[in-house]
Amino acid sequence: MERLVYCDTHIVVGLYANELPSFPRPAIRLLEQSQSLISPIVSLELEYLYEIGKIKTDAEKMCNELEKTIGLKICDKDFKEVVHESLRQSWTRDPFDRIIVAQASLTKASLITKDEFIHRHYKHAVWE
């Protein structure tokens, strides 16, 4: 079975901006040795960031390009299961973080994120 790793929204932005060489070695290793996935909610968060001018590329273009270049896929787990798991993520009020962590948590997969709050609450969070 192929190892899965999920990417948080800011990681996707960094991958699109070709910032992989500046990522810490543990994150790079995971990306090189695993199937990289994102929760569908990452697409929505990317689109929000695009709409408010925080990023210059829309979600669809960014995700399509990363699928072509690095094989990043959008996870297709059952949304009902993901939401059910997100109910357990009561440590945050951020619906994006709850669903992103829940998506990874369903299979106890690693989640690459710089977010220290996520690191404190999800034991499979990886950055350094």
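This report covers salt bridges, cysteines and a surface patch in a predicted model.

Local features need pLDDT of at least 70, side-chain atom pairs count only at pLDDT 80 or more, and totals for chains, interfaces and linings use all residues. Residues are numbered from 1 along each chain as its sequence is written, and side-chain values use heavy atoms, with hydrogens and water left out.

**Salt bridges**

Side chains of opposite charge can pair when their charged atoms come close. The criterion here is a side-chain nitrogen of Lys or Arg within 4 Å of a carboxyl oxygen of Asp or Glu. The model has 3 salt bridges by this rule.

| Arg 25 | Glu 32 | 3.5 Å |

Arg 25 is partly exposed at 44%. Its partner in the salt bridge, Glu 32, is exposed at 54%. In the second pair, Lys 73 is partly exposed at 37%. Glu 67 is partly exposed too, at 39%. Glu 85 is buried, with 9% relative accessibility. Arg 88 is exposed, with 53%.

**Cysteines**

How many disulfides are there? The count is 0, where a disulfide is a pair of cysteine sulfur atoms within 2.5 Å. Cys 7 has its closest cysteine sulfur in Cys 63, 11 Å away, so the distance is too far for a bond. For Cys 75, the closest cysteine sulfur belongs to Cys 7; at 12 Å, this is also too far for a bond. Cys 7 is buried, at 1% relative accessible area. Cys 75 is buried as well, at 8%.

**Surface patch**

Phe 79, Val 83 and Leu 87 form a nonpolar patch on the surface. Together they have about 300 Å² of accessible area, computed by the Shrake-Rupley method with a 1.4 Å probe, and only the protein chains shown count as cover. Patch residues have over 30% relative accessible area and no salt bridge; nonpolar side chains (Val, Leu, Ile, Met, Phe, Trp, Tyr) are joined within 5 Å, like charges within 9 Å.

Where does Leu 87 sit? Leu 87 lies in the loop between α5 (79-86) and α6 (95-105). Helices are DSSP runs (H or I, at least four residues), numbered from the N terminus. Leu 87 is exposed, at 57% relative accessibility.

Notes:
Helices (H or I, at least four residues) and strands (E, at least two) are DSSP runs, numbered from the N terminus. Buried means under 20% relative accessible area, exposed over 50%, partly exposed in between (1.4 Å probe, protein chains only).
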